[in-house]
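Reader: Before we go through the classifications one by one, could you show the model, so that each term can be set against its cut-offs?

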Amino acid sequence: MKVKVISVLEDNYMYLIIDENTQHAVAVDVAVSKRLLEIIRKEDATLRAILTTHHHWDHARGNEDLSKLYPGLEVYGGDERVGALTHHVTHGEELKFSSINVRCLLTPGHTSGHACYFVWEDDSPDAPAAFTGDTLFIGGCGRILEGTAEQMYNSLTEVLGTLPKETKVFCGHEYTARNLKFALKVEPKNELVKEKLAWAKLREDEDVPTVPSTLAEEFFYNPFLRVS
Ligand SMILES: [Zn+2]
């Protein structure tokens, strides 16, 4: 399973998950449809579906365009406000696209209908991946806009925090350096925060993404997974 990390807009991430045996692909958070189409062409992939984490324009704006271009395209999300939505997912619902398996996880907090997607491939040695949108960021979490602090806490610790530790974390924005600066204020003596922050600053200078991290790593430096 290949995951293409596609930087768009100011600091957003869009993703294309590709089954390398069939070249069938699933897109996550299509903010800029043109950019996604370029990558699909370059990868010689066939788009099977879109997974949308939440309805905000910087995660879902491209859904309508793509639905027009690919009649019958399946668009998944946990919120009726997601553009061109065809499937409103439920918590724990599993989807399958060729050998790519997806478990939908409802994670209210940033928005009331926010969904994350846990993805793994049949018979593959690759670690599973979680597409966490604006719920879990590297070193931080999303702003609570519609849910309660308790919901966000539950989404982070009970829903995402209980996934396998080797899960790769692909989040919705490049906020890593700024999140870790805050983490360092919370835990000034945490050496792992310092190390990851130094690394993230270098990546930022070079304009290179910091995704993915792993869930195991997040438990070492992300203050929102260290609150219990
Ligand atoms: Zn958002």
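Reader: What makes Glu191 count as partly exposed?

Author: This is a predicted model, in which local features need pLDDT of at least 70 and side-chain atom pairs count only at pLDDT 80 or more, while totals for chains, interfaces and linings use all residues. Residues are numbered from 1 along each chain as its sequence is written, and side-chain values use heavy atoms, with hydrogens and water left out. Buried means under 20% relative accessible area, exposed over 50%, and partly exposed in between, with a 1.4 Å probe and protein chains only. Glu191 has 48% relative accessibility and therefore counts as partly exposed.

Reader: Why is the contact between Glu191 and Lys194 called a salt bridge?

Author: The term requires a side-chain nitrogen of Lys or Arg within 4 Å of a carboxyl oxygen of Asp or Glu.

Reader: What are the accessibility classes of Asp79 and Arg81?

Author: Asp79 counts as buried because its relative accessibility is 7%, whereas Arg81, at 40%, counts as partly exposed. Their side chains meet in a salt bridge of 2.8 Å, N to O.

Reader: Which parts of the chain does the pair of Glu187 and Arg226 tie together?

Author: Their side chains form a salt bridge of 2.7 Å, N to O. Glu187 lies in the loop between helix 5 (176-186) and helix 6, and Arg226 in the segment after helix 7 (215-221), so the pair ties together parts that are 39 residues apart in sequence. Helices here are DSSP runs of H or I with at least four residues and strands are runs of E with at least two, numbered from the N terminus.

Reader: Why is the site of the zinc ion called irregular?

Author: Donors are N, O and S atoms within 2.8 Å of the metal (3.2 Å for Na, K and Ca), and water is not among the atoms, so sites may look incomplete. The zinc ion is coordinated by His54 (NE2), His56 (ND1), His110 (NE2) and Asp134 (OD), at 2.2 to 2.5 Å. With angles of 87 to 178 degrees among its four donor atoms, the site is classed as irregular.

Definitions and conventions. Four donors count as tetrahedral if all angles lie between 85 and 135 degrees; four count as square planar and six as octahedral if opposite donors are over 155 degrees apart and all others between 65 and 115; anything else is irregular.
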